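User: Please go through this model with me. I want each label set against its cut-off.

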Amino acid sequence: MLTRIIVAVIAIPVLVVLIFFAPVWALGIVVGGIAAVSAWEFLRCTSRDAGPRISAYAAVAGFSYPFLSVFYNSARVFEIAVFCLFVAVMVELMLSFRREKTMQLDTVALTLVAGGVFPLLLTGIIHLAVRRNGAVYALLPFVACFSSDSGAYFAGVFLGRHKLAPRISPNKTIEGSAGGFLLAIGLMLVYGLILQAAGFQVNYTVMGVYGFLGALAGQAGDLGFSAIKRLCGVKDYGKLIPGHGGMLDRFDSMIWTAPLLDLVVRWVPAITR
């Protein structure tokens with residue numbers, strides 16, 4: 001627990017500075033890095049014959065889409081990135097027939113998911129960042145995910161009695177899940193108060209909805225990626241972040257939360273100035 005707290009104390013101020021004071025392309029580099037490392041970890045965990053070269057294809061595509069979406073039309077960048085990734089993987093598939101053991105078809109599919117789908121969903125953060133009042137919106141997925149995760153963790157430790165999904169994640173409890181929802185909604189409202197004090201107009205009902213939906217997506221994403229780990233027989237996707245595991249272990253919930261909040265904000269923006 002201490003390691004997790006230390007990492008959070010260091011990471012949260014850095015994140016706030018990055019979103020509010022750094023240029024948007026710096027956030028693009030960070031989101032691209034998250035997508036790239038997550039793609040690499042996912043393939044190393046799920047595919048037996050996705051060697052370093054295949055994993056590198058997915059990582060490059062994963063980085064390219066979020067980063068380049070800061071500067072260019074997002075849809076066109078995605079089309080080019082996925083096309084290049086698809087061609088590279090299909091060439092590897094064809095070349096594998098020169099060997100006795102050919103590439104498995106599931107490796108092709110998993111590579112496209114890791115290098116195409118993951119960055120597509122994580123780019124929701126960039127979509128939020130480049131809109132009007134982008135900085136205040138870009139922080140929303142992080143507030144929702146981190147507060148839900150923290151609330152679920154501490155409520156589960158101190159109050160957890162009833163298992164939520166024991167075959168997927170034995171330590172998760174119904175009480176912990178409820179704590180995650182409550183803290184996510186509560187901190188989203190606190191975030192709204194801070195923004196109002198800074199001169200923004202805030203719809204607190206919608207902010208509460210952001211918190212609820214963010215917690216729902218975050219917990220679903222966490223369980224979904226935990227299910228994949230159980231199928232692969234591993235505890236963590238990696239060891240990059242002390243106390244958290246790999247990059248994908250930390251940001252698996254963000255893959256669900258970022259695109260959902262991006263869509264909801266497009267329909268019902270809660271913050272104006």
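Analyst: What follows takes the terms one at a time. This is a predicted model, in which local features need pLDDT of at least 70 and side-chain atom pairs count only at pLDDT 80 or more, while totals for chains, interfaces and linings use all residues. Residues are numbered from 1 along each chain as its sequence is written, and side-chain values use heavy atoms, with hydrogens and water left out.

User: What makes the protein as compact as a globular protein of that length?

Analyst: The protein has eleven helices and four strands; helices (H or I, at least four residues) and strands (E, at least two) are DSSP runs, numbered from the N terminus. Its radius of gyration is 19 Å, close to the 19 Å that the globule rule gives for 273 residues, so the protein is as compact as a globular protein of that length. The radius is taken over C-alpha atoms, and the rule is 2.2 Å times the number of residues to the power 0.38.

User: Why is the contact between Glu92 and Arg53 called a salt bridge?

Analyst: The term requires a side-chain nitrogen of Lys or Arg within 4 Å of a carboxyl oxygen of Asp or Glu. The closest N and O atoms of Glu92 and Arg53 are 2.6 Å apart, so the pair qualifies. Glu92 lies in helix α4 (residues 74–95) and Arg53 in helix α3 (residues 52–68), so the pair ties together parts that are 39 residues apart in sequence.

User: Why is Glu92 called buried?

Analyst: Buried means under 20% relative accessible area, exposed over 50%, and partly exposed in between (1.4 Å probe, protein chains only). Glu92 has 8%, so it counts as buried.

User: What makes Lys229 and Asp249 a salt bridge, and why are Lys229 and Asp249 called buried?

Analyst: Their side chains meet at 2.8 Å, N to O. Lys229 lies in helix α10 (residues 204–232) and Asp249 in helix α11 (residues 247–267), so the pair ties together parts that are 20 residues apart in sequence. Lys229 is buried because its relative accessible area is 7%, and Asp249 is buried because its value is 12%.

User: How do Lys235 and Asp236 classify?

Analyst: Lys235 counts as exposed at 68% relative accessibility, whereas Asp236, at 31%, counts as partly exposed. Lys235 and Asp236 also form a salt bridge, with the closest N and O atoms 3.6 Å apart.
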